[in-house]
Amino acid sequence: MIDFQHILTSINEAASNEKDKGKIADYIPELAKVNVDNFGIHLIDIQQNNFSAGKSDEKFSIQSISKVLSLSMALGLIGEKVWKRVDVEPSGDPFNHLSLLELENGIPRNPLINPGAIVIADILVSKLEHPKEEFLSYVQNIANDDTIAYDLGVAKSEKRTGFRNFAAANLLKSYGNLNNDVDIVLDFYFHQCSLAMNCVQLTNTFFMFMNNGKCRRNNTLLTISQVKRINAIMLTCGFYDEAGEFAFEVGLPGKSGVGGGIVAFLPNKFCVATWSPGLNPKGNSKLGMLALEKLTTETELSIF
Ligand SMILES: NC(=O)CC[C@H](N)C(=O)O
């Protein structure tokens with residue numbers, strides 16, 4: 001029997017002793033206010049046993065992690081038609097890169113980089129009557145937690161400085177791959193990214209990707225085929241141009257965000273979330289990646 005609690009406690013200790021904790025994302029001014037010393041980790045196993053260390057109950061901005069949830073909702077609404085507007089290949093480029101979009105005629109490489117997520121946001125804005133409210137309820141329902149909310153300060157802050165996202169949305173529009181107004185789609189996208197959760201809530205939300213589409217209450221929210229597709233995209237595209245490195249070091253599907261969160265899971269075994277706001281040069285949490293590498297190395301549990 002693996003002693004998860006012992007491993008998480010030692011990961012937390014190692015993180016607090018680490019001198020170089022990475023650099024906080026400051027292109028969204030509101031994110032720059034967070035203390036770089038924060039570290040939290042939480043793991044839930046398939047039997048719903050919970051293990052925690054550090055600040056696992058402190059909320060942070062999940063940012064790009066939300067892209068998995070908007071993709072799930074869009075797949076539920078329009079099914080395989082999603083893939084007409086966004087591809088499923090790793091980009092090998094930073095999350096906010098634009099040149100590929102131009103080279104590939106406005107079809108984003110995948111739904112987990114910004115241009116892809118903006119297309120997904122456009123789908124949700126088209127299909128939902130009250131997109132922000134309905135997306136939030138969708139997430140609350142998955143997690144079985146109606147305390148999950150948008151951080152309106154973060155959404156507003158990103159709206160003021162999200163110049164590259166405005167550029168991406170305009171480029172998509174010029175290629176005919178954005179049906180709604182740029183401002184309306186980005187307002188939705190910035191709110192979606194501002195979702196605040198702690199590590200416990202993140203593992204509760206991503207439990208269904210680990211558990212064949214069934215959430216913690218055992219309700220089926222995704223089909224087996226949808227889970228296969230989404231998990232494959234997390235493995236190949238979940239860490240921008242560091243997806244290969246994450247698979248190599250950690251060996252789990254997962255997703256990161258510039259708020260410093262990472263969620264990853266071993267299907268049918270466990271789901272784990274880390275939070276450490278300092279990022280490495282590729283925009284992934286520096287200590288979060290180290291923590292997960294330690295977890296899968298010490299437990300000898302990975303998809304490989
Ligand atoms: N990688 C991220 O977490 C990026 C999300 C952020 N909201 C952005 O669009 O730039």
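View 1. Domain 1 puts 34 residues into the contact, and domain 2 puts in 38; contact means heavy atoms within 4.5 Å. The model is predicted: local features need pLDDT of at least 70 and side-chain atom pairs count only at pLDDT 80 or more, while totals for chains, interfaces and linings use all residues. Residues are numbered from 1 along each chain as its sequence is written, and side-chain values use heavy atoms, with hydrogens and water left out.

**View 2. The ligand and its shell.** Why does the ligand lie between domain 1 and domain 2? Both domains give residues to the shell around the ligand, so the ligand lies between them. The surrounding residues are Tyr27, Gln63, Ser64, Phe95, Asn114, Glu158, Asn165, Tyr189, Cys193, Tyr240, Gly257 and Val258. Each has a heavy atom within 4 Å of the ligand. By class, the shell holds six nonpolar, five polar and one charged residue. Here Ala, Val, Leu, Ile, Met, Phe, Trp, Tyr, Cys and Pro count as nonpolar, Asp, Glu, Lys and Arg as charged, and the others, Gly among them, as polar.

View 3. The side chain of Gln63 places an N or O atom 2.5 Å from a ligand nitrogen. Tyr27 has a polar side-chain atom 2.6 Å from a ligand oxygen. Val258 uses a backbone N or O atom, 2.8 Å from an oxygen of the ligand. The protein covers 99% of the 300 Å² of accessible area that the ligand has on its own (Shrake-Rupley method, 1.4 Å probe).

**View 4. Around Ser256.** Ser256 sits in strand 6 (residues 254-256). Strands are DSSP runs (E, at least two residues), numbered from the N terminus. Ser256 is buried, at 0% relative accessibility; buried means under 20% relative accessible area, exposed over 50%, partly exposed in between (1.4 Å probe, protein chains only). Beyond four places in sequence, its contacts include Ser64, Tyr240 and Asn284.

**View 5. Around Lys59.** Lys59 lies in the loop between strand 2 (50-54) and strand 3 (60-61). Its relative accessible area is 39%, partly exposed. A polar atom of the Lys59 side chain is 3.3 Å from the backbone oxygen of Thr147.

Notes:
A polar contact is a pair of N or O atoms within 3.5 Å; within protein, one must be able to donate a hydrogen and the other to accept it, and residues adjacent in sequence count only if both atoms are side-chain atoms. Domain bounds come from an automatic or database domain assignment. Helices (H or I, at least four residues) and strands (E, at least two) are DSSP runs, numbered from the N terminus.
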